[in-house]
Amino acid sequence: MNRTDRLYALVEDLRAIAPRCRSARELAKRFEVSLRTIERDIAALQESGVPIYAEAGRKGGYAIDKKMSLPPLNFSPAEAVAIAVALSRAGDQPFGRQARSALRKVVAAMPGPEGELARELARRVQLVPLQESGGEIQPLGAEGISRAIEEALLRRRVLRLEYADAKGALTSRDVEPGVFLGGRGGFWYLVAWCRLRDDVRVFRLDRIAAATVTAERCPERPLEGFATEVPEMVVHGTLLD
């Protein structure tokens, strides 16, 4: 990235998280330059009239005047995550960097609780890189299955599944959804705590015959416990920041 592009990207990055700040060390790591380079870039932007200021303290850093950020938008957490998933699956594309910058602005402009909910939901949607998945996305399965999983993940509710194994035998299971996973071969999976097996299990969506969202709220389980149960898959989270 040349200096002109980096200066533009610095402004966009700070504007996307306004009024929060980002430390010089975080910026240097993000743009793969030295701390001294970041300090020179910030000084140049300030001299040119960009309203960037420094916040002192252990959690301080650089911030941009919030008037430079977007007003609140009527995007739901699920809509923000849907955009992030689409961008993740698009791979390298024209204006891809600008699209990701636009997404950061959308999330940063959401009201605090909504933005946090979007980030939490995004952590629960994980994808195998396109080159690992085979490049072709398979159908999600029976109508309404993915919508039920989305609702259960968003509302943290227990799901009741009718699930067919590899031989077609059906079992009824109550599960606590953990991760919505796009996996190898283009198939989508639900990684969940299965109460029938009393352990984490991976359910392929095209084998789920029915899914019903119950009124029972899921107990808190560390997200890391679901991710480690995904066999032989290199996954990356859906990024909003």
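**Exercise 1. Backbone turns with positive phi**

Find where arginine 156 is located, and decide whether arginine 156 is buried or exposed.

*Solution.* 
Step 1. Arginine 156 is found in the loop between H8 and S4. Helices (H or I, at least four residues) and strands (E, at least two) are DSSP runs, numbered from the N terminus.
Step 2. This is a predicted model, in which local features need pLDDT of at least 70, side-chain atom pairs count only at pLDDT 80 or more, and totals for chains, interfaces and linings use all residues. Residues are numbered from 1 along each chain as its sequence is written, and side-chain values use heavy atoms, with hydrogens and water left out.
Step 3. Arginine 156 is not a glycine, yet its phi is positive, about 55°.
Step 4. Take the cut-offs: buried means under 20% relative accessible area, exposed over 50%, partly exposed in between (1.4 Å probe, protein chains only). The relative accessible area of arginine 156 is 9%, so arginine 156 is buried.

*Solution.* 
Step 1. Aspartate 198 lies in the loop between strand S6 (188-194) and S7.
Step 2. Aspartate 198 also has a positive phi of about 55°, although it is not a glycine.
Step 3. Its relative accessibility is 56%, so aspartate 198 counts as exposed.

**Exercise 2. A cis peptide bond**

Locate proline 19 and describe the peptide bond from alanine 18.

*Solution.* 
Step 1. Look in the loop between helix H1 (3-17) and helix H2 (24-31); proline 19 is there.
Step 2. The bond from alanine 18 to proline 19 is cis, and omega is near 10°.

**Exercise 3. A hairpin**

State in which sense S1 and S2 pair, and how many bridges they have.

*Solution.* 
Step 1. Two strands pair if DSSP finds at least two bridges between them.
Step 2. Strand S1 (residues 52-55) and strand S2 (residues 61-64) have four bridges and are antiparallel.
Step 3. Across the pairing, tyrosine 53 stands opposite alanine 63 in S2.
Step 4. Five residues separate S1 and S2 in this hairpin, and glycine 57 in the turn has a positive phi of about 110°.

**Exercise 4. Aromatic pairs**

Count the aromatic pairs and classify each one.

*Solution.* 
Step 1. Rings of Phe, Tyr and Trp (its six-membered ring) pair if their centres lie within 6.5 Å; planes under 30 degrees apart count as stacked, over 60 as edge-to-face and the rest as tilted.
Step 2. The count comes to two aromatic pairs.
Step 3. Tyrosine 163 and phenylalanine 203 are edge-to-face, at 4.9 Å centre to centre and 85° between the planes.
Step 4. This pair links distant parts of the chain: tyrosine 163 is in strand S4 (residues 157-164), phenylalanine 203 is in strand S7 (residues 199-204), and they are 40 residues apart. Both tyrosine 163 and phenylalanine 203 are buried.
Step 5. Phenylalanine 180 and tryptophan 188 have ring centres 5.4 Å apart and planes at 70°, so this pair is edge-to-face.
Step 6. Phenylalanine 180 is buried at 7% relative accessible area, and tryptophan 188 is buried at 11%.

**Exercise 5. Charges over rings**

Which rings do arginine 204 and arginine 221 lie over?

*Solution.* 
Step 1. A charge sits over a ring if NZ of Lys or CZ of Arg is within 6 Å of the ring centre and within 35 degrees of the ring normal.
Step 2. The charged end of arginine 204 sits over phenylalanine 187, 3.9 Å from the ring centre.
Step 3. Arginine 221 lies over the face of tryptophan 193, 4.0 Å from the ring centre.
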